[in-house]
Amino acid sequence: AEIRVAMNPAPGVLFVFAQAGPDTWTPVNKITPSTGTTGDQFGSSVSFSDEGLLVGAPGTDGARGGAYFFVNSSGQWTEVLRLDPGAEENSGAGTAVALTGDHAFLGAPGGLQDLASFNQPAPAQPGVVYVFAEDANGGLVLTQRLTGPEGDGSDRFGSSLLVTEETLFVGAPGRNGSRGVVRRFTRASNE
């Protein structure tokens with residue numbers, strides 16, 4: 001079983017630093033969510049692209065989770081939308097996030113706040129990845145829900161994400177007796 005202890009139950013904050021010299025970084029922005037509450041875990045994961053900044057908040061809404069999308073204008077980060085996949089309670093959407101081109105991905109490995117009793121098996125945590133795509137109005141809408149081929153047990157599919165323009169890699173550290181696997185998805189096919 002995985003045990004997660006909240007060291008700081010505040011909603012979370014993201015600090016942006018700029019390089020001020022060869023070995024010096026200076027804080028230039030402090031980003032907070034518009035709807036942050038205690039335990040949201042805002043900032044648990046971050047992905048940056050030319051389009052903006054995607055920040056995970058897996059503890060929001062009963063640990064259903066979600067993410068916030070920000071754009072930068074003249075050095076100021078502005079929240080433009082919140083991604084809410086409508087996940088199940090304790091799924092932790094936003095534990096991992098990835099952003100590329102016109103797509104955003106939210107990993108929801110499950111298991112947030114699900115603690116097994118002593119000498120009892122951990123609850124099932126198969127995991128899922130939510131795929132959002134840009135719509136005609138420039139917003140992001142949920143278009144797909146990816147799962148691992150087996151999709152059972154404690155795979156924790158969606159614990160980590162890496163995306164390129166055409167390929168998404170999804171970590172499932174609980175698969176194969178906790179030896180883990182990485183699944184690869186492409187736009188044209190799911191592998």
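**Contacts, rings and strands**

Modeller: Apart from neighbours within four places in sequence, Ser159 is in contact with Thr95, Ala96, Pro109, Gly171 and Pro173, where contact means heavy atoms within 4.5 Å. The model is predicted, so local features need pLDDT of at least 70 and side-chain atom pairs count only at pLDDT 80 or more, while totals for chains, interfaces and linings use all residues. Residues are numbered from 1 along each chain as its sequence is written, and side-chain values use heavy atoms, with hydrogens and water left out.

Colleague: Where is Ser159, and what lies 2.7 Å from a polar atom of its side chain?

Modeller: Ser159 is in the loop between strand 10 and strand 11; strands are DSSP runs of E with at least two residues, numbered from the N terminus. The backbone oxygen of Arg156 lies 2.7 Å from that side-chain atom of Ser159.

Colleague: What makes Glu150 buried, exposed or partly exposed?

Modeller: Its relative accessibility is 37%. Buried means under 20% relative accessible area, exposed over 50% and partly exposed in between, with a 1.4 Å probe and protein chains only. Glu150 therefore counts as partly exposed. Glu150 lies in the loop between strand 10 and strand 11. Leaving aside neighbours within four places in sequence, Glu150 is in contact with Asp155, Arg175 and Arg183. Glu150 and Pro126 are 24 residues apart in sequence, and their C-alpha atoms are 8.5 Å apart in space.

Colleague: How many aromatic pairs does the structure hold?

Modeller: There are 4 aromatic pairs in the structure.

Colleague: Why is the pair of Phe42 and Phe70 called edge-to-face?

Modeller: Rings of Phe, Tyr and Trp (its six-membered ring) pair if their centres lie within 6.5 Å; planes under 30 degrees apart count as stacked, over 60 as edge-to-face and the rest as tilted. For Phe42 and Phe70 the centres are 6.2 Å apart and the planes are at 70°, so the pair is edge-to-face. This pair links distant parts of the chain: Phe42 is in the loop between strand 2 (24-31) and strand 3 (46-49), and Phe70 is in strand 5 (residues 67-73), 28 residues apart. Phe42, Tyr68 and Phe70 form one aromatic cluster.

Colleague: How do you know whether Phe42 and Phe70 are buried or exposed?

Modeller: Phe42 has 4% relative accessibility and so counts as buried. Phe70, at 2%, counts as buried too.

Colleague: What makes the pair of Phe157 and Phe185 stacked or edge-to-face?

Modeller: The planes of Phe157 and Phe185 are at 75° and the ring centres are 6.1 Å apart, so the pair is edge-to-face. Phe157 lies in the loop between strand 10 (140-146) and strand 11 (160-163), and Phe185 in strand 13 (residues 181-186), so the pair ties together parts 28 residues apart in sequence.

Colleague: What stands opposite Phe70 in strand 5?

Modeller: Leu53 does. Strand 4 and strand 5 pair in the antiparallel sense over 4 bridges. In strand 4 (residues 52-56), 5 of 5 residues are buried.

Note on methods:
Polar contact = N/O pair within 3.5 Å; in protein donor to acceptor, adjacent residues only side chain to side chain. Pairing = 2+ DSSP bridges.
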